[in-house]
Every structure is written in structure tokens, then in C-alpha cells.
Amino acid sequence: MMDKKTTLIVHFSKVFLLCLLAGCSICWFNTVCFVLCIRNFPVNRTLALSLTVSFNGVSAALYTLAANSVNPSSDSVYLLLNALVPLLTSIAALVPILRQPALNPLPPDAVHKDSLIFLILNVLAIFTGLYLLIFGSSTSDEAKARYFFGFAIFLLVFPLCIPGIIYAREWFHRTVHSSLRMEGSHFILVHVDDLELHKELLSRQNSAINNGDSLSLLSDNNNGSMYSHRKAKNSDPCCQHLIEKDQLVMLGEEHPASMLVRRLDFWLYYVAYFCGGTIGLVYSNNLGQIAQSLGLSSSISSLVTLYSAFSFFGRLLSAGPDYIRKKFYFARTGWLAVALIPTPVAFFLLASSGSSLALHVGTALIGWSSGFIFAAAVSITSELFGPNSVGVNHNILITNIPIGSLLYGLLAAEFYDANAQTSTVGLGNLAVSDSAVCMGRQCYFWTFITWACLSVLGVASSILLFLRTKPAYENFERHRVSTQTVIS
């Protein structure tokens, strides 16, 4: 028979190994998905990325519904689902990934067709998210949960039929109603070819610009990158120098890792992610204990579903700027700064009130904000530091997630333990240790205040990143419009 200490070590080792394997698997899954989206959908890659990352965010609600349909009272069902579902999904996706056709430039009609497909998929994804939000944890009855879960599976599988429906509709119009013509949605996105044209135009502009007060595009000493150094015209030279030093003026230039880590834009981006999306992720990991400390243990399942659903909507909404770009253009880094604002608001709300309403509203705001950041970050990394290097560069960026999870988790644990009382806990029928249990608003009050202040720092960093990258986005948009005018 093992003693209590040995039993605890064995269980801890199992959980540690599972978390290690899960963390490695997530990185591999995400990297493969990002690279596939960028390579196979160069025109609509932002829409493809937001859609892919969105369904990643709704998995918690789906797992809750699946577990309720099998056995609502068994926690081991979650472990079984986590063991089987990723394995079976990976095997099913392996064949089409390995047997991809050769990548060739798409004609305009095919581009418009893809855009229409993505529009339909996004509408269907919104409906799926609403469905899981309403029914994801609303019932603990097995029979009802099975019906809800069955329809959820139908909603997830149905998108596989959309391309076939689009092609069938095209065939019908071509053969039966040849006078009718299917018009695709014209989404104005950052195309890889547009980035190359943008570079060429900037190179020509560089040779024609004088050395006066005009914008000068200089070559970096080591790598030939084009960054701007403009004379300070602001009343605050320090602030102007911070904004304009090595300022990026061209989107899509490839940055190898050695070059990436030397750029101020990358570290501003890193801090914004570290103090924004990562804090939201750590909050979701502590959501069960937060609800328990406020006496809302019965609401844990609904809170997890709420966070998951709003994270899902936030990820979908990250593609919104590309839908409205023709009427209202705003740099993607600016949208990132706007998306970070709900996070400090939510944490200050949680610190000011321990009510159930405040917890649900705060959870929804944090889920929406972090979801938007997770999805938009891939496109921003691609645009600022090059689409071909996104697999490596984005993984360098998200090293802040394990670092933040460790630091923010330790911070929350210190504040929690400082206000806790000791009680005996166990594993099954075996009492293994004395654990600190905290009840009341004071358990996470200072944690929320600290997280709120850090997220304000993230907002400030994202605003500075926006100011530094705004000329690059404006230059690209200006050249794109002028090029379309010449072509038309």
C-alpha cells in the first residue's frame, strides 16, 4: 500500500505528464492549421484563420455537452473524450492534409467563390456558437443532452457540404440559367501578391524621395529591411522618437527569428499579448476556483460555457475588419488595441463586485477580448513579420503563454493562500493532504486588481504598436487603391 505522500506524487506526476503532452499537442495542432490556412487561402487567409481559431475556442462548450450526453455525474468522461477525440480527428484529417493538390494561383472567379464560401461558413459558425451558448450546459438530463449533442455534431459536420453546394449552384446557373451569374463577395484582404507589389512600389518611391523632411526609407545595416527615420516634428521629441525609431513602413517583409527579436515592434506586440490574451487564458484556467470562492460552485459549468462561447464570438469577430474594409479602413493593430480594452474593464468590475451578475459579465468580456486577440494575432504576425515565417515567428510570440500562465498563476495562488483557511481534501475516498480553501471576495480581489493594472499596460503597449505600424498599413492601403484604380 502506498502512503498518502506517495499517492499524491503519483497523481501529480500523471497530471503533469498529461498537461505536458496536451501543451505540445496544442502547439503542433495550431502551427499546422495556421500554415495550411496561409498557404492554401492566400487571399482569404484572415477569414480562414479566424474560422479555424474560432472552433478551437468553442471546444469547452462542446466537450461539456458531450460529457452530459454520456454521464453528467462522471468526471472521467472528460478524460476519455480528451484521449479519443483529438486522436480520431487527427487520423481523419491526416489523409487530406498529406494529399493536397499543387498550389496554383486562383483566377478571380475562384477567389470570389472562396469568399462566398467563407461568408456562409462564418454565418453558420455564428449560429453554432449561439446554439452551444444556449444548450451547452443548460441540461444535465442524458436524453436531452444527447439530442442537443447530436444536432451540435450535425452543425460541425455540415460545413463540409458547403463547397459542394456552391459548386452545384454554379453548375445549375451555368447549365440551366446561363443568363444568371453568381457574384462572389468582394473582400479586400492583404494578399501575398499585393504585398510583393507594395514592396516594389515602395522601392521605387525610395529612389525618388529626397533627403529632406519627406519620408525616407532606409536599409537596415544587416538585413536590408526598409524602416523609416523621420525628423521629429512633435513638441515631445522623446515620444516622437519612440514612435518613429526603426518604424516599419512595409507590410509582409520576411523576418527571420534573429531579426525578429531585435525589433521594438515585436516586443510591443509581445507585451500586448502577454498582458492581454494570456491573462484572459489564465483567468479561464482559474474560473472554477474563482466561482467556488464566491459561493457559485453550481455555476461553474455555465461559466465555462459562457467563456468558451464568447471567446468563440471574439475569434469570429476578428475577421470583421476585413468585411467592412471597403467602407471603413483601420489598421489591424488598431483593432487589436480596441479588443484589449474590455479586459481591464472586466477585471475592475470583478474586483468591485462579487455578485453572480458581475462574474458572468466579466467572464463574457474577458472571453470575447482574449478570443479576438488569439485569432487576430496570427494575421498580425503574418502581416508585420512575413507570411512565410509565420510558423516560427508566431510560436516565438506565444512563448508568453506558458510564461504568463506560470507567473500569473503563482501570483493568484499567493493572494489566494494568504486569505485561505486550511481544510482536508482527498482523492476519491483517500484523504491525502491539508489544502488551503478561501471563501469570499477577498480571495481574488488583489489578483483582479493586479491583472487589471497589467492589462492596462497591455492596452498602452498595443496603442504604441498601432502608432508605429499605422503608416505601414496606410501605405499599403494607399498603394492598393491606386493600383486598383489603374487596373480598372
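Helix axes are lines fitted to C-alpha atoms over the stretch in contact, and angles run from 0 to 180 degrees between N-to-C directions. Helices themselves are DSSP runs (H or I, at least four residues), numbered from the N terminus. This is a predicted model, in which local features need pLDDT of at least 70 and side-chain atom pairs count only at pLDDT 80 or more, while totals for chains, interfaces and linings use all residues. Residues are numbered from 1 along each chain as its sequence is written, and side-chain values use heavy atoms, without hydrogens and water.

Helix α14 (residues 300-317) packs against helix α18 (residues 356-385) at an angle of about 35°, the axes being 6 Å apart. Contact (heavy atoms within 4.5 Å) involves residues of α14 including Leu303, Phe310 and Arg315, and residues of α18 including His360, Trp368 and Phe374. The contact residues comprise 13 nonpolar, eight polar and one charged, where Ala, Val, Leu, Ile, Met, Phe, Trp, Tyr, Cys and Pro count as nonpolar, Asp, Glu, Lys and Arg as charged, and the others, Gly among them, as polar.

Buried means under 20% relative accessible area, exposed over 50%, and partly exposed in between (1.4 Å probe, protein chains only). Among the buried residues of α11 are Asp265, Tyr269 and Phe274.

## Cysteines

One disulfide (a pair of cysteine sulfur atoms within 2.5 Å) is found in the whole structure. This disulfide joins Cys438 to Cys443, with an S to S distance of 1.9 Å. The link is left-handed, with -95° about the S-S bond, and both Cys438 and Cys443 are buried.

Cys19 is exposed at 51% relative accessible area, whereas Cys453 is partly exposed at 45% relative accessibility.

Terms used. Helices (H or I, at least four residues) and strands (E, at least two) are DSSP runs, numbered from the N terminus.
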